[in-house]
Amino acid sequence: MSRGLLTQRRFAPFFWVQALGAFNDNLFRNTLLLMLTFVAVPRLGWDLGLAINLAAGLFILPFLLFSAWGGELADRFDKRRLVRLLKFVECVLMVLAALAVWYQNLVALFVLLVLMGVQSALFGAVKFAILPQHLPSYELGRGNAWVHVGTFAAILAGALLAGVFAALPDPLSRPAIMATLVGVALVGWGASLALPPVDTAEPSTEGSATDASLRSAERGRLRFRPLSSLIEVLRGGVHSPVLWSAILAISVFWFLGASFLTQLPAWARVVAGGAEAMLSVLLVAIACGFGAGALACAKLSGGRLELGLVPLGALILGAASLLLAGVDSATTMGQPLTVLFDDPRVWRMLGGLMLVGLGGGIYIVPLYTLLQLGSHEAQRGRIIAANNICNALLMVVAAGYGWLMLSVLGLDLQSFVASLGGIALAVGVAMVVRRPRPVLRLLVFVLVALIYRLRLRGRHHVPASGAALVVCNHVSFMDALVIGGACPRPLRFLMDRPIYESPWLNWLFRLVGAIPVDSERSDPGGLRRTLDQVSQALRHGEVVMVFPEGRLTRDGEMQSFRRGLDLILARNPVPVVPAGLAGLWGSWTSNRDGPALTRLPRRFQARVALVFGEPVPAAEARRGELAARVKALKQEADAWITPGRKAPSRGNAAE
């Protein structure tokens, strides 16, 4: 990709639409909270705790009542038109909010808070559902990373700017708030007008007929039924175990995030010993960490749905929370920043909060990508809506958990944060134990990236879902690790039984789902058993990698493809993705200058190129045709990494 996503029309308008909306939400809410604190309490005698909890409840309530309806709207109507309509509604609400701020009408602000909650609930179901229609699957991770970075930065900016405006002299304060609310809403609406047309053709290889049938079956009358719609949407999420697991995992993130952010003002005062300025510093630290984690997640994913990052993020978040819990409380309150920055505890605190944010960013991005890739386009809005409903419920639970731990049980803030760290660690360990394969796949990818300078092209040719074969030339014993780590989907690969049964590595091969291959001479029934296992994997919609040459090359050139490939395709007519690998000939795991693995490694960070070609339909997949395609891709990969030769211009090197 020659230009970043933020400079391209297919993503940039959407990014600014959602970021500006999040900014206005938080500027408005924090303005209301400040008015409650400095107007309602001293002038009207309101109970501050009750008023603040009422404001929080009124904003969350619409997510419970309207998210399901928003999901139905997103699935039935053009998402671009919905975004434009909802941004126009935001403009109207912000004009009314500006008037309420001018007259300091708190009742009107509460009513507008509810209406903004409704607008946010409807928009929340649309914004993540529309993204897969603008970005291909291999760019969704990067897109989601930028969305979360923009959202978190906007939340922080809205909260900080509300405090800045409140501190201005009275003749300037209210006009500044009014102008910003209306101006940002108008800019967001203008950005929505720049949204490109939505490509109604779903890019995935399956689901078009299913989506059409779902749409035709659901063209009934659209009715507002808050309770029944909520139950139906949640039931729909439960019917997909993978999506339901993702929804629960995302809700855990919002539980932890709400718990942290709710207690952060008290932490700034009691533990850090600072004032309002210290709260801003703590917010900046956690926001910077979150942004770094989200972008690091996109980088580590490399265009793949890398679920192994999710438990890693949970473990980082948990460990960082325990680090924070070890900080002693300050003995003096309200100290200025110049004094606090001389205290090593504060720097340890800021480092811990940045790590908390880092873990959160790494944790959350793959889960949203999974929701988008794992749901049909015709039902994606409702899946996102089910997620938003569960998130809102867990945020309510977070408030109750904080009250229980801090008020009922009387724990201090450090113990409360330690309990959150324990929850995060437990979630991370449970994920690793339940599904170790994604974590191993991530470790393989990191290992390959450390050993080689790997260049990739064409990974989007691997089907996003459904069964497929990947066939590649066989250069070294590292081939399977390189291809497995670089492929956008987990691979099952074939390997010789003597290697598979290695006493030191058999547990690993079983864990990653390797399929052992027996020699026909030593075991006449071995080939049939191998073919049965391959057929079973393909029937379950998995991707199987095959080296049709059957052995490592002895001269660096491709050998003839064996008949096993034809036998697999005769049993399982699935698409075949050819791939060409270059750069590993001459490594210690290849047969150059003697048998592989009989000499010490001589090269580190060698250039390696892997190029995937377009899928070949099963009806056209023949040994000769596939061998020719793999050979051409191998030559392309060779030319790409050969010093002094220009890399091919076809495709995208960064993809």
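The model is predicted, so local features need pLDDT of at least 70, side-chain atom pairs count only at pLDDT 80 or more, and totals for chains, interfaces and linings use all residues. Residues are numbered from 1 along each chain as its sequence is written, and side-chain values use heavy atoms, with hydrogens and water left out.

**Overall.** The protein has 22 helices and seven strands. These are DSSP runs numbered from the N terminus: helices are H or I with at least four residues, strands E with at least two. Of the 655 residues, 52% are buried (under 20% relative accessible area, 1.4 Å probe, protein chains only).

**Strand 3.** This strand covers residues 491-496. Five of its six residues are buried, so the rest of the structure largely encloses it. Strand 3 pairs with two strands, listed here; pairing takes at least two DSSP bridges.

| Partner of strand 3 | Sense | Bridges |
|---|---|---|
| Strand 4 (residues 515-517) | parallel | three |
| Strand 5 (residues 543-546) | parallel | three |

Leu494 bridges to Ile515 in strand 4. Leu491 has Val543 of strand 5 as its bridge partner.

**Helix 4.** Residues 106-130 form this helix. The end C-alpha atoms lie 35 Å apart, which agrees. Helix 4 has 20 of its 25 residues buried, so it is largely enclosed by the rest of the structure. Asn105 caps its N-terminal end, with a side-chain oxygen 3.2 Å from the backbone nitrogen of Val107.

Key. Buried < 20%, exposed > 50% of the residue type's maximum accessible area, 1.4 Å probe, protein only. Expected span 1.5 Å × (residues − 1). Polar contact = N/O pair within 3.5 Å; in protein donor to acceptor, adjacent residues only side chain to side chain.
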